[in-house]
Amino acid sequence: MFYKVLVANRGEIAVRIIRACRELGIKCATIYSTIDKNSLHVKLADEAYEIGPPDPLDSYLAIDKIIDLAIRINADAIHPGYGFLSENPKFARECEKNGIIFIGPKSSVLDVTGDKLKARRLVAKAGVPIIPGILRPLNDPEEAVKIANRLGYPVVLKPVDGGGGIGMRIARNARELRKKFDEARLEAFKAFGSDKIYLEKVISGAKHIEMQIISDNYGNLVWVGERECSIQRRHQKLLEETPSPALTEEERKKLGELAIKVARTINYNNVGTVEFLFDGHDFYFLEVNARLQVEHGITEITTGIDLVHQQLFIAAGEEIKLKQREIERRGWAIEVRITAEDPLEDFAPSPGKIIYYEEPGGMGIRVDSHLYPGYQVPPYYDALIAKLISWGQTREEAIRRMRRGLSEYVIGGIRTTIPLLRKIITSRDFLDGTYTTTFLQDNLEKFRRELLEEEDKRLAALVASMIITNNIEKIDMKINKSRSKPKRDFNVSYVIHQLNRWTKKLSPWKKSSFYYLSR
C-alpha cells in the first residue's frame, strides 16, 4: 500500500478521500488555491501546499505544478477526485512518465473514454446499443440540420472531448439548431479545450440509469449496482437513488452485463461508471465516467463496499476480492446534491460566509460536506457544497428519512437548493418512481411558485419576530436583502395574522431560529 498520497482536488471530495486514506494508514497531502487556504480539506490533511491563485487554470488544473509538487514531497500516488483533472489523459500520462501512480484508469483508457465518439464506435462494434446519431464531429450548422432532419427532432449537440452535461444543447427545430451550434462549440472549447461537437437523437421520456463497476489489473471485473439519476437541471444531476424504481431484477442483470461488456471492450481498470438511457424497453449507451462519481455514496451505503478504498487497492496493484455472486444490496438509498445557488433567481450562484451551520443526523443519514461555521464559499468553483444521503430498508423509509434530513439541515448566510429539494422529494412523480429526465423541466415553474409563497410566509414570520424583539427598524433592510423582487407589500394586518398563526405551531428551536435571524 502507499506511504503518501497527494489529493489533487478540493471541497467535499477531497475531504472524503483524505478520510479514506487515513483509515488505511496512508499519509495524505493536498493542494489548495489561495482562496481555499481555510477549506476543510486543508485542515484535515497531514500536509497542505498552496498551488496557485483562485483561477482553476492556475491551480487545480495546473498539471506541471501538481506533478512537480508530487515529486518534491515524495508522493507515491495522486488521487484526482472527480472533476478538474480526474479524466484528463495528459495528466495521467504525466504521472506515469514520472513514476507516480495515478489513482484511476490508465491514460490509454482515458484516451478512449474522453473521446465520446471513439467510445461510441467501440461499444457499437461490440454490440452494445447506442443512441441514434453520428460517429464523427460536425463541421458546420447546415450539416447538423441535414442530419437532424433525417433523425427527427429533438436532437442534442454534445462535446466530443468532455462530459458531465457541460456544453450540451437540445434543439427542437432547425432554427434552434443553427442558433445553438456555435453556443455548444464555444462552451465545449472553454470547458475542455476542444470545440469538436457531435449530434444525437433525444430519446424523450427516458430514464438516465448508470451502473457502477470495479475492475482490477488482472481481468477481474464486477458490477455492484445501478443508480437512477434522471432528475437533472441542464443535464446536471440533482438527485440520485439506488436501486432504480424502474428496473426489474432481470433488467438490472441485463444492465450489469452490458456495463461489463463496455468495460471489457475498452480494457477498463479501476472504479468507474457506465451510463445509459432506458426507454422502458431498451438500454442505450451514453458514456463511461472514468472516475469516482459524485453519487458514489449511495452505492457504498447499500453494498457496504468502500469505493475509495477499492480505488486505492487497485492502484496499489492489489487484486479485488469481490465476487459477483457475493455482492448483495441491502435496502434503499437516496442522495440529494445541495448547491450554493438560489432556485428563486434562476439558480444564480450564492457564494458567501456560512454564519450558521447545523447538519442532520440520526439513523440512516450521511452527510458529505466541507462546510463549517465561518467558512467562506468562494465564487470560482462548482456550486456543490454538500451531499445528503438517506438509507432505509425500503424506498418509503429512505424517503421519510430524506424528508427529515432536509428539514433538519440548516445552512445560514447563503442561499441553497434545500427548499427545492424538499419540493422534489414530496412530488407525486418522484414518490411513485415514474419521473424521467424531463421531470424538473416539467415541474420547475410550479415548484418556484410554491417556494415564493412559502418565502412570503417566512418573511412575514421574520417581520413578526422582529416586532417581538423590538427590531422594527431592521424590517425593511431584511426584506430587501432577502429577495431582489418582493412579490407583495407587507402590511400590519398580514404580519399580525402570520404572527398568531405561526407562533402557535412553532417548536421552541424554530422560534429561537427566527430570533437569531432578527439579530
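Predicted model: local features only at pLDDT ≥ 70, side-chain atom pairs only at ≥ 80, totals over all residues.
Author: Residues are numbered from 1 along each chain as its sequence is written, and side-chain values use heavy atoms, with hydrogens and water left out.

Reader: What makes cysteine 229 count as buried?

Author: Buried means under 20% relative accessible area, exposed over 50%, and partly exposed in between, with a 1.4 Å probe and protein chains only. Cysteine 229 has 0% relative accessibility, so it counts as buried. Cysteine 28, at 1%, is buried as well.

Reader: Why is strand 8 described as largely enclosed by the rest of the structure?

Author: Strands (E, at least two residues) and helices (H or I, at least four) are DSSP runs, numbered from the N terminus. Strand 8 covers residues 197-201, and four of its five residues are buried, so the description applies.

Reader: How do you know that strand 6 and strand 8 pair?

Author: Two strands pair if DSSP finds at least two bridges between them. Five bridges join strand 6 (residues 155-159) to strand 8, and the two run antiparallel. Valine 155 stands opposite lysine 201 in strand 8.

Reader: What makes strand 13 and strand 19 the edge strands of their sheet?

Author: The open sheet has eight strands in the order 13-12-9-10-11-14-21-19, with antiparallel pairing. Strand 13 (283-289) and strand 19 (365-369) each pair on one side only. Within this order, strand 9 (residues 207-215) and strand 12 (residues 270-278) are joined by nine bridges, and isoleucine 213 stands opposite glycine 272 in strand 12.

Reader: What is the largest nonpolar core, and which residues have the most contacts inside it?

Author: A nonpolar core is a set of buried Ala, Val, Leu, Ile, Met, Phe, Trp, Tyr and Cys residues joined through side-chain atoms within 4.5 Å. The largest has 50 residues, and those with the most contacts inside it are Leu6, Ile66, Ile78, Phe91, Phe276 and Phe285. Helix 9 (residues 249-265) supplies the largest share of this core, six residues. Apart from it lies another core, of 39 residues, including Ile334 and Leu420.
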